[in-house]
Structures are given as structure tokens and as C-alpha cells.
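Subject: Structure handover

Hello,

Here is the structure I promised to pass on. Please open it first, then read my notes below.

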Amino acid sequence: MDSASLVAHASLHPQQNLHTLFVYGSLMADEVLRILLKRTPQSSDALLNGYQRLSIKRRVYPAIIPVDSKKVSGKILSGIKDFEMDILDAFEAVEYKRITVEVSLMDGLEKLLAYAYVWGNEKDPNLYGDWDFENNFICC
């Protein structure tokens, strides 16, 4: 691409913030990400300390809530653009709140801040039992 094309491209695509997101349920599935974002973001295995992943009655996806002695395995998605965060916010709906959490990469050497979708009602009677991706996830 020549310099004039680069300038034209940059003006059509203004600088976007890139976000990091910790996912632990249906958003761990590449198929779901391709449907929502039309791509599969770069990902790394990660661990979130101080939270528990629970099943939700009559739903196929999980929730996480703060629980000091627990941890949740999941993935870090990197390079998520602003408009993609808007899509993911809409997908996660009103029961979840997006917050910033500290996650550890599975190698245990690096910690980083990332967004995560946390269940809004920690006392919800519909939350029960641990949820496991391999045994509970049903896709597309």
C-alpha cells in the first residue's frame, strides 16, 4: 500500500482502543466468536482467582461471582476493538456487569488486567453447582 493509500485508510479507520477480555463460558468457543465478531481473536489460557463459575437454572451458559477461595479457568481474548466490545456487551445482556479483573496467564508468570462479565446478582437462587466447559457447553 502506498503512502496515499495508507493515509486514506487511516482516515476511514480511526485509531481504536484495543481491549483484553477474560472469558469463561460460551465465549471460549471459537464458533461463537466467529458468529458474533466475524473473527477469532488471539487467545491465551488464563486463571481468575477469587471467583467461582456456576451453572444457571434453565440456561446453557455459566455465571461467575466473587468467592474468595475459588478460581475460574478460562481464556484471555486480546485485541478486542471498541465496536466488538459493544457487540459482546449486547450478547451478555443485562444480567451481567462488565468489570475489570486481574487474571494470571496459565504460565503463572504474568498477571494482567482484563474485562470480565460478572453475574450481577450474587445471591441469585438460580445459581447452583460448578459449570465446566467440556461437560456443559452446547454450541451453535
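**What I found**

Ala-93 is partly exposed, with 37% relative accessible area. Its place is the loop between helix 3 (82–92) and strand 4 (96–105). The backbone there deserves a look. Ala-93 is not a glycine, yet its phi is positive, at about 65 degrees. Most residues other than glycine have a negative phi. Arg-58 also has a positive phi of about 65 degrees, and Arg-58 is not a glycine either. You will find Arg-58 in the loop between strand 2 and strand 3 (63–81). Arg-58 is exposed, at 76% relative accessible area.

Please keep in mind that this is a predicted model.

**The overall layout**

The protein chain has four helices and six strands. From the N terminus on, the order is α-β-α-β-β-α-β-β-β-α. Of the 140 residues in the chain, 38% are buried. Take the contacts between residues at least 6 apart in sequence: 70% of them join residues at least 24 apart. Ile-138 sits in the segment after helix 4 (133–136). Ile-138 counts as exposed, at 59% relative accessibility.

**Charged pairs**

Side chains of opposite charge can pair when their charged atoms come close. The count here is four salt bridges. Three of them are worth a visit.

- Glu-84 pairs with Arg-39, with the closest N and O atoms 2.6 Å apart. This links distant parts of the chain: Glu-84 is in helix 3, Arg-39 is in the loop between helix 2 (30–37) and strand 2, and the two are 45 residues apart. Glu-84 is buried at 2% relative accessible area, whereas Arg-39 is partly exposed at 27%.
- Arg-59 meets Glu-95 at 3.1 Å, N to O. Arg-59 lies in the loop between strand 2 and strand 3, and Glu-95 in the loop between helix 3 and strand 4, so the pair ties together parts 36 residues apart in sequence. Arg-59 is partly exposed at 32%, and Glu-95 is partly exposed at 27%.
- Glu-102 meets Lys-111 at 4.0 Å, N to O. Glu-102 is partly exposed at 48%. Lys-111 is exposed at 54%.

**Buried charges without a salt bridge**

Which side chain of opposite charge is nearest to Arg-53? It is Asp-132, 5.3 Å away. Arg-53 is buried and has no salt bridge. Arg-53 belongs to strand 2 (residues 42–56). The side chain of Arg-53 does reach backbone oxygens. One is that of Tyr-24, at 2.7 Å. Another is that of Trp-131, at 3.0 Å. Leaving out residues up to four places away in sequence, Arg-53 touches several others, including Met-28, Pro-62, Val-72 and Gly-129.

Asp-124 is also buried with no salt bridge. For Asp-124, the nearest side chain of opposite charge is Arg-59, 6.2 Å away. Asp-124 lies in the loop between strand 5 (111–119) and strand 6 (127–130). Its side chain makes a polar contact of 3.1 Å with the side chain of Trp-119. A polar atom of the Asp-124 side chain also lies 2.7 Å from the backbone nitrogen of Asn-126.

**Aromatic rings**

A search of the whole structure finds four aromatic pairs. Phe-22 and Tyr-24 are stacked, with 6.3 Å centre to centre and 25 degrees between the planes. Phe-22 is buried at 0% relative accessibility, and Tyr-24 is buried at 6%. Why is the pair of Trp-131 and Phe-133 edge-to-face? Their planes are at 65 degrees, with centres 6.3 Å apart, so the pair is edge-to-face; planes over 60 degrees apart count that way. Trp-131 is buried at 5% relative accessibility.

Ring pairs also link Tyr-61, Tyr-96 and Trp-119 into a cluster. Finally, look at Tyr-115. The charged end of Arg-98 sits over the ring of Tyr-115, 4.5 Å from the ring centre.

Best wishes

Definitions and conventions
Residues numbered from 1 in each chain as written. Predicted model: local features only at pLDDT ≥ 70, side-chain atom pairs only at ≥ 80, totals over all residues. Heavy atoms only, no water. Phe/Tyr/Trp six-rings, centres within 6.5 Å; stacked < 30°, edge-to-face > 60°. Buried < 20%, exposed > 50% of the residue type's maximum accessible area, 1.4 Å probe, protein only. Lys NZ or Arg CZ within 6 Å of the ring centre and 35° of its normal. Lys, Arg positive; Asp, Glu negative; His and termini not counted. Polar contact = N/O pair within 3.5 Å; in protein donor to acceptor, adjacent residues only side chain to side chain. Contact = heavy atoms within 4.5 Å.
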